[in-house]
Amino acid sequence: MNNSRQIDRHGRLRHFLSIEGLNRKLLTDILDAAESFSGVTEQTVKKVPLLRGKTIVNLFFEASTRTRTTFELAAKRLSADILNINITQSSTVKGETLLDTLRNLEAMHVDMFVVRHADSGAAHFIADHVAPHVSVINAGDGRHAHPTQALLDIFTIRRVKGPDFGRLRVAIVGDIMHSRVARSQIHALNLLNTGEIRIVAPKTLTPAHAESLGVHVFHELRKGIEDADVIIMLRLQRERMQGALLPSEHEYYELFGVTEAKLAAAKPDVTIMHPGPINRGVEMDSEVADGPHSVILAQVTHGIAVRMAVMSMAMHHKESATE
Amino acid sequence: MPAPATMTQKLRLKGGRVIDPANKVDGLLDVYIADDRIAALGDAPDGFDGAHEIDASGCIVCPGLVDLCARVREPGYEHKATIATESVAAAAGGITTLCCPPDTNPVVETPADIELIRLRAEKIGKTRIVTLGALTHGLDGERLSEMAALKNAGCVGVSNALRPLANTLVQRRALEYAATFDLTVFLHPNDHWLSANGCAHEGRVATRLGLPGIPEAAETAAVARDLTLIEQTGIRAHFCHLTTARAVHMVARAQFDGLPVTADVAIPYLYLTEVDISDFDSRCHVIPPLRTTQDRLHLREALKRGTLSAICSDHQPHEADAKLRSFPSTEPGISGLDTLLPLGLRLVDEHVIELDELIHRLTAGPSGILGLPFGSLSVGASADVCIFDPDLTWQLNTDTIRSNGHNTPFMGWEMKGRVTHTLLAGKLVHSLAG
Amino acid sequence: MSDLENIPAIIERMAREIVSQIEQAGRSNPAMVGIHSGGVWLAARLHELLDISTPLGSLDISFYRDDFTRLGMNPVVRPSQLPFSIDDRHIILVDDVLHTGRTIRAAMNELFDYGRPASILLATLVERDGRELPIQANVVGSHVRLTLRQHIKLLGPDTLKLEIKQIP
């Protein structure tokens, strides 16, 4: 990946498009900044004037209330003005192109785009074509990357397990094939030299040459989560539960759904994560989701701080444009 | 009755190295042209005193190139390119015959459609354009086209281009019907179900980028099915631009077994691999997708061996907007007329293939697949000639590219070898100086 | 400079001055807020000397600095803690060095985000020249004249010590 796209020559964030291409120091800096912002979100006044006067546009080509809301809240807590623009595929098919849309918004002096798109590579494409003073944050592109979600997961793991990822065994369970979250998590975990990264899925949901991502591949849940310190469950989209990928949600739950009983194979202090929203009784049962190992709600809370960190760090630095 | 000598246009191509693989000619020879035909090679026949001359010294004189697959986008997609613009590009690239697949709009499925393209090309007069007729009605993959009428109107074969056939029964019937009229069927082997909505080779790069993949099996499963039906129906078939080592191996095996099958490779696949899309470079978005380094190596070897008996440009010019989207939403295809010969010559530089073999794959090879009498400098043949300076270097850029489509990942490349003159049926249709 | 050596004595003097000013103004029940990091160390001592019952507040004004975008992110910022209501409270704002005035402006901005104080009294250990904003301290431990190339900093937190450095 072309690093110069998201990192400027001073080594700072220019855009935030993928975990791939970041270095360990920058990743740690973002996590540390998120730690600071998480203090802000715990204050009675949850707002700081860092991005006052800046205009941020949530440019969503794919519906996602949850992600959009957390970016919106993060922007508001940084005192930025934020605009939500939802563009369905159909309105860009004919007539106005994506670039026309960008140009129009730029003309309104937007400082940052937060982009969600169903196509892999969409955020990169937009970053390549925005005006030099505009920053782009990837809020999920196709199956490619969802770097802020991965960061908040890493942030959560660091809080629970400490900063030494070298001694951790992390298992990612579920639809790896279609998951941009999993790809970003794997890159981040590798960047932090995680002891072992495993993916656990039936072959229909395992991408080709998955080992090349730097993971160990398992097709059986019990083996895959054996002695795991962290289990990250992925959301299974409804439309994939029945058909040629999986026969039924029932069978998926039987084989890959996490229950208290199956958790016995993992470490006693295993941490359970899920990007939400959970399909209870498909990916895991309620006992696990609401149980002592689950940090699912903490993930949501951390999402705001992580996005505040990324937005404030990627916001264009004036002097680097004039240099 | 021959025309009076005084009326004959006579031309002498002087001092060049003539390479005509079809006739196993390679030497410093003069070429003599009378009207639209090759009159002689070597010694001047009678009546050539004072004939017009083209100085070909230092250059290679070879048959005009024959491109098996080039889209000129007319009719229907004139915002991308037209017969006029692409004819000029073809002539500048030394291409004197190019074959269009039928996926224009409307598709090529009636004699009138064939006639329209042929007449427009003749009017422009820069290159000869032949067409493949639709294998199914409207390329819908379900109903047969009127192949007899298409053949009578001059189509050089039938194809369903990149569109899928509904099922194997339709395919069997279509091949049988085409075989009835001794038409060659041009197949783009792709299992529609396996490739689904993929846009990149299902491999390491697509996995990393999260791009929907097209597995190798989409090509090999189709080739296996096609070969079975070819054997059953006895049709003469051509596989358009194979991309995988395994598919090439299957075709080589079938050829060895005596099946009447040929295959070509499109030139981008001899250079690019899946790695070239790793930065979401939409210029490298092609269908079928760029495969692995291993596949590229096998394609190069199969070209040398002759399993792949032609190189085509798979020219697909686009307007700029077609590529200005996120990778999966961009239109696939590379503009290739300008680079067919120079990228071919680079294969010689890289010791993939000998120069005469290259010229064969660009002339007699494809002409034979199309069943056309072109691609050689035989006496009496149409005087389609390409003269190029093999040492002239130039850069492919927006100033030098002649095609209307600037969509090529080779933009900015230093090219070695440039066409100086192109003759179409004895007529000078391109001259670098002029 | 000799009086800068005895910081505990300066702090005691400051404490007396604060009490006197507050009494003169007829204010009661003040709350104290220190600015990270030197201001908090100083405030902790003053808070003890003045025997203020309301817990000490602290501000990290990194997110409020007007030069934030120029400096880029300061990765570790402690959350501000104001464990009392600001509204209608008399606030004693404490910092180690008053220089340009920008830190105090940022701190006051942040205080106002939390509420509307009845008054703010500013106490600083050192007041040096180089003000860029119309801000002055009510209580000053020591006035120091420094050149533009000199930088003064409070070291702590266990033993407080002032350090003057030449900027190269």
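Two strands count as paired if DSSP finds at least two bridges between them. Strands (E, at least two residues) and helices (H or I, at least four) are DSSP runs numbered from the N terminus.

The model is predicted: local features need pLDDT of at least 70, side-chain atom pairs count only at pLDDT 80 or more, and totals for chains, interfaces and linings use all residues. Residues are numbered from 1 along each chain as its sequence is written, while chains are lettered from A and ligands numbered from 1 in the order in which they are written.

**Exercise 1.** Trace the open sheet of six strands in chain B and find its edge strands.

Solution.
- Step 1: the strand order in chain B is 9-10-11-14-15-16, and the pairing is parallel.
- Step 2: strand 9 (133-134) and strand 16 (310-312) of chain B each pair on one side only, which makes them the edge strands.
- Step 3: inside the order, strand 11 (residues 185-187) and strand 14 (residues 237-239) of chain B are joined in the parallel sense by three bridges.
- Step 4: B:Phe186 has B:His238, in strand 14 of chain B, as its bridge partner.

**Exercise 2.** Describe the neighbours of strand 18 of chain B, and state whether the strand is enclosed or open.

Solution.
- Step 1: strand 17 (residues 385-395) of chain B runs antiparallel to strand 18 of chain B, with eight bridges between them. B:Cys386 is bridged to B:Thr422 of strand 18.
- Step 2: strand 19 (residues 427-431) of chain B is also antiparallel to strand 18 of chain B, through four bridges. Here B:Leu424 is opposite B:Lys427 of strand 19.
- Step 3: strands 18 and 19 of chain B make a hairpin with two residues between them, and B:Ala425 in the turn has a positive phi of about 50°.
- Step 4: a residue is buried if 20 or more other C-beta atoms, placed from the backbone, lie within 10 Å of its own, exposed if 12 or fewer, and partly exposed in between. Strand 18 (residues 414-424) of chain B has eight of its eleven residues buried, so the rest of the structure largely encloses it.

**Exercise 3.** Classify B:Glu231 and C:Arg16 as buried, partly exposed or exposed.

Solution.
- Step 1: B:Glu231 belongs to helix 7 (residues 216-233) of chain B. With 16 other C-beta atoms within 10 Å, B:Glu231 is partly exposed.
- Step 2: B:Val261 is 30 residues from B:Glu231 along the chain, and their C-alpha atoms are 9.7 Å apart.
- Step 3: C:Arg16 is in helix 1 (residues 7-25) of chain C. Its count is 12 other C-beta atoms within 10 Å, so C:Arg16 is exposed.
- Step 4: C:Arg16 and C:Pro55 are 39 residues apart in sequence, with a C-alpha to C-alpha distance of 20 Å.

**Exercise 4.** Describe the side of chain A that touches chain B.

Solution.
- Step 1: contact requires C-beta atoms, placed from the backbone, within 7 Å. In this sense 23 residues of chain A are in contact with 18 residues of chain B.
- Step 2: on the chain A side, the elements giving two or more residues are helix 4 (98-106), helix 5 (122-129) and helix 7 (180-191) of chain A. Helix 5 of chain A gives the largest share, three residues.
- Step 3: this side divides into nine nonpolar, ten polar and four charged residues. Nonpolar covers Ala, Val, Leu, Ile, Met, Phe, Trp, Tyr, Cys and Pro; charged covers Asp, Glu, Lys and Arg; the others, Gly among them, are polar.

How values were computed:
Contact = placed C-beta atoms within 7 Å.
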